Amino acid sequence: MILSNLLQTHASLIGPLSKMAGDWWLPKGASTFSPEVRFLWILFFCITVFFTSLIVVLTVFFSIRYRRTENRQHADPSPDHNTPLEITWTVIPLIIVMVIFALGFKYYMNMNVPPTNTYNIGVKAQKWSWTFTYPNHAVSKTLYLPLNRAVKLSMTSADVLHGFWIPSLSIQKDVVPGRVMTIWLEPTRVGRYELQCAEYCGDGHSLMRSPVIVASPAKFAEYLKAAANIWVHNGKTLPLAQVGRELYSTYGCNGCHTADGSMGTGPTWKNLAGNQVQLANGQTVTADYAYLRQAILYPGRKLVKGYGNIMPDFYNDFAGPGHTRNRRLNAMIWYINSLSNKANSASQPKIPNIPGTKAMSAPAAGKAPAKTTAASGGAKSALPAATVAMGEKLYSTLGCNACHTNNGKPGAGPTWKNLAGYPQALTNGKTEVADYKYIRYMILHPDKKVVKGFAPIMPAIYGAQLGGAANQKKLDAIIWYINSLSDKRGPSTEPPTGK
Amino acid sequence: MATISLHEADAAVGKRKNYLNQTTTIRSWLFTLDHKRIGLMYLAAGLTLFFIGGMLAEVIRTQLLVPTGLIFHGTGTIQSSYAAYKHYNQVFTLHGIIMVFMVLVPMIPGALGNFALPLMLGAKDVAFPRLNLLSFWLYISGAVLAVISTIMGAVDTGWTFYTPYSIDTSTYVVLMVSGIFLLGFSSIFTGLNFIVTIHKLRPFGMTWFRMPLFLWATYATAVIQVAATPVLGVTLLLLIVERVMGIGIFNPALGGNPVLFQHFFWFYSHPAVYIMILPAMGIISEIVPTFSRKHIFGYEFVAFSSLAIALIGFMVWGHHLFVNGQSAELDAIFSFLTFLVAVPSAVKVWNWLATMYKGAIKLDTPMLYALSFIILFTIGGLTGVVLGALAEDVVLHDTYFVVGHFHYVMFGGTIIAMLGGIHYWWPKMFGKMYNEFWARTACILLFIGVNLTFFPQLMVGAYGMPRRYASYLPKYQPYMVASTIGAYVQLVAFLIMASYLLHSLFRGKKAPVNPWGSGSLEWTTSSPPPTDNFDTIPVIGDHYDPYDYSHLQFDPAIGGYVHTEEHVGPHHVYHR
Ligand code: HEM
Ligand SMILES: [Cu+2]
């Protein structure tokens, strides 16, 4: 078996051999640091080749020229020290190494001091994968970098030391747990490179590699958009379980948890949901929704028997505001459920697996209207109770509630209490009244207009989830719900009714 | 005629008892206080460990023949790959621990130092023979603990034990670290012993500047052993405390600082590389003049540079931490000092070459090793210089370039010099010669093997291959295959070496008193020496110089060198 393995790779050896030796042994550089590193390297290379050759030549020459023979048993007279000579051959290497030191230091400072206006990417290292987070909350396993733009990477480790190392971009830094390590770089050549973990980190160290793609700004934006939109593929909203399967590898859960029942560093996810779990504290519990959720969010609290307390805290990785976190969490739990033969309604998330299916027609929604109507005061024109209830339901299932409160309390986004019908100051300096058109626009194009005092952090995915004729009903339900929370609602703020 | 009388004296000595056959019980070996016997036991134990470490290296190289791993590889799922690669990690960890802590650090002082130091000095033994025996048994105990921990659950941290991985891993770190703790004490005691011996047991007339350079080197090494090793001990103790009690010194999860461990570790381990290389340089400083029949060039410089390297060597440990986030100012200081300490090493190479200049050079096996050393150490030192340059270290740290660098200095330097030393003192140790043809063949083969193994590692490291990888990108494969072939060539060389050395032990030609024509004292007593080293305590004359060869003449009848000048007394007063 070993032999056949060897033979197979024999053919593949010939190709790479011709390409051996790279660019003076280095990979072809692709960042602003590369030319400097290359220059110093070549300088060093020549010095090394010169001195090594000199010494080889001298040893060989002396061995032959001064060999001991029958007639030449003794050394020729020659002094056993010579101060000027000794000073010379000390000072020359000293000067050479000082030049190398100075250059090495100068170039190093360039690597150390980032320019002010950088594009910032978050890097999370964990056994044994890398996860990248971008300003638009996209999360990816591939590192996308914009061409000719200074990028700053803020790196953290969830467990042990890792080493962030991209040979082609001439940059390396250890990722030390408990600290935020930063580096910067500016890619200068479009292409696909590799990130490899350089600092030994255990079993999967050599597999802790990620692709790095340097792309033109336009291409880069496209990649990011695609990376941000994990919920939709080819215009079709994906079942959450399928998204969860992606996240399973994006977040590196697969580093410890298998999906097929085989052994791993953590418990397998196969047949986990709905089944009994033995805890380290002696208890036995059922892996229902609450349990799974807690196990993900608070890894150490209920340790499973036979496993170490080593799972990193993931909550902060679920980048973005609370609702995306929640949604990702639910997607993950749906995926876990999809792997189990005992999955049931108690182990499944309340939010439907295939968005826009069960929940809307669910009879449970019917209970809400009375409450909602009561809350809104009921003095105005009648509210369509069922629709408002559906909106309220969506408010939590879609995770809007993570940022927008419905009671006037502050949140990451503007509260929905008394939103409809009130004027809104925007970051572009204008003020607009929150009518139906405005609210609709804000939901579908969150990044276009931003309310003053808030960050542009609302995910673009709602455009895909709630846009289009098919989703009109859902969108309107939400807007009805927003209306129900306002004392200034009226025909202009309410979704158009009737034909 | 002096020649004749020496010849006869030799023959007489041959029938006398020597340190090898004075007593023959196993007990008399295991509890011996004779520095020469202790040296031989170190040699036997060390070579055994070197063999184990070497076989682990062959496993490593075989694994890396194919990108996914030839020996340890998964069965399709990623988890199975993890599980398989863990074994690879255990293998390279064990390889590193054995080679560094049980071979490179203790072997030259323990085996060659113990055997040769009192003889070269003209002393009867080391200052504290009992402490010496304790050192040896601590060495054995450390190795045994390491074996036990390996059987229970082989450590997978790398020889550097970086936290927090070494705190998290489920392998038997505490036991292994305890073993290394004992090895550390062994090293400290040996150093202490040598320092006192050199200070106190020099015979009358043996001034500091009449000592052979190997003794200067051993002295400088001993200073590092005594001063640096306790830091390793404390660091390892803290690691044990951290693992057992979870205090939070190094563990970031408990508020500790993992980088602190790296500082502690390298505060020992960088000086430790000089523990490895200084005695090696000492050996070379003996071999090169002897086989060139010419006085060492610049004795004072070579002597003092050993001390200078030992002292400055304490201040450069931070060059292992350039990319771990220490401040740029610190980086600059450490880089500067690293370059500073590189210069005296470089100058020693010039001194050896100048010694050869106009010499009468004979390429016997020890000299071939010395020449190999000079070339390989040059490459190793120069690659160290590029690693010391900050911007270059950023692209080379933790790659195979570093692996190549330290193998050039540790294998090409320390091990090659050690083998040179073994071949040089072998006739004195056992009173037997070895087969010169096979010995030269093995040396040349080893030289080729070392270059074939480690040169491609320099290339593939520069190309971007990280170290400690059980699997790798296919583009690195050609280099990896070349390196593995080199490792196999080395294996062949070592097998040849083992054969002719074993043959020599049992069937070797009898060695003369001074087969190489060296001027230092160990070559004036019989081969092998009597238990008390010298029949009469050597008295060193005013003109004694261990690097003066003018009074030595080759005598074909005995196959060795003899004094041609008149001298007072049979073997013990040296005028020149
Ligand atoms: C001219 C002299 C030398 C210089 C300038 C030098 C420089 C360096 C530098 C800067 C590094 C750190 C590389 C990195 O991790 O990024 C390094 C690593 C290393 N050097 Fe040297 N070195 C020299 C000689 C030696 C010698 C004589 C030895 C041993 C006999 C040695 C053994 C090592 C080892 C073992 C490592 C790597 C340890 C590890 O990370 O596992 N070096 N050297
Ligand atoms: Cu060092």
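Biologist: How many residues of chain B are in contact with chain A?

Modeller: In this predicted model, 109 residues of chain B are in contact with 101 residues of chain A, where contact means heavy atoms within 4.5 Å. Local features need pLDDT of at least 70 and side-chain atom pairs count only at pLDDT 80 or more, whereas totals for chains, interfaces and linings use all residues. Residues are numbered from 1 along each chain as its sequence is written, chains are lettered from A in the order in which they are written, and side-chain values use heavy atoms, with hydrogens and water left out.

Biologist: And how much area do chain B and chain A bury between them?

Modeller: About 8700 Å², with 68% of it on carbon and sulfur atoms; buried area is the accessible area (1.4 Å probe) that two parts lose on being put together, summed over both.

Biologist: How many salt bridges are counted between chain B and chain A?

Modeller: The count is 2, a salt bridge being a side-chain nitrogen of Lys or Arg within 4 Å of a carboxyl oxygen of Asp or Glu. One of them joins the side chains of A:Asp203 and B:Lys86, at 3.5 Å from N to O.

Biologist: Which helix of chain B gives the most to the side that touches chain A?

Modeller: That is helix 11 of chain B, residues 328–356, which gives 15 residues; helices (H or I, at least four residues) and strands (E, at least two) are DSSP runs, numbered from the N terminus.

Biologist: What does the salt bridge of A:Arg38 and A:Asp23 tie together?

Modeller: Their side chains meet at 2.8 Å, N to O. A:Arg38 lies in helix 2 (residues 34–65) of chain A and A:Asp23 in the loop between helix 1 (2–19) and helix 2, so the pair ties together parts that are 15 residues apart in sequence.

Biologist: Where is the cis peptide bond that has omega of about 0°?

Modeller: That bond joins B:Thr163 and B:Pro164, and B:Pro164 is found in the loop between helix 5 (129–153) and helix 6 (165–168) of chain B.
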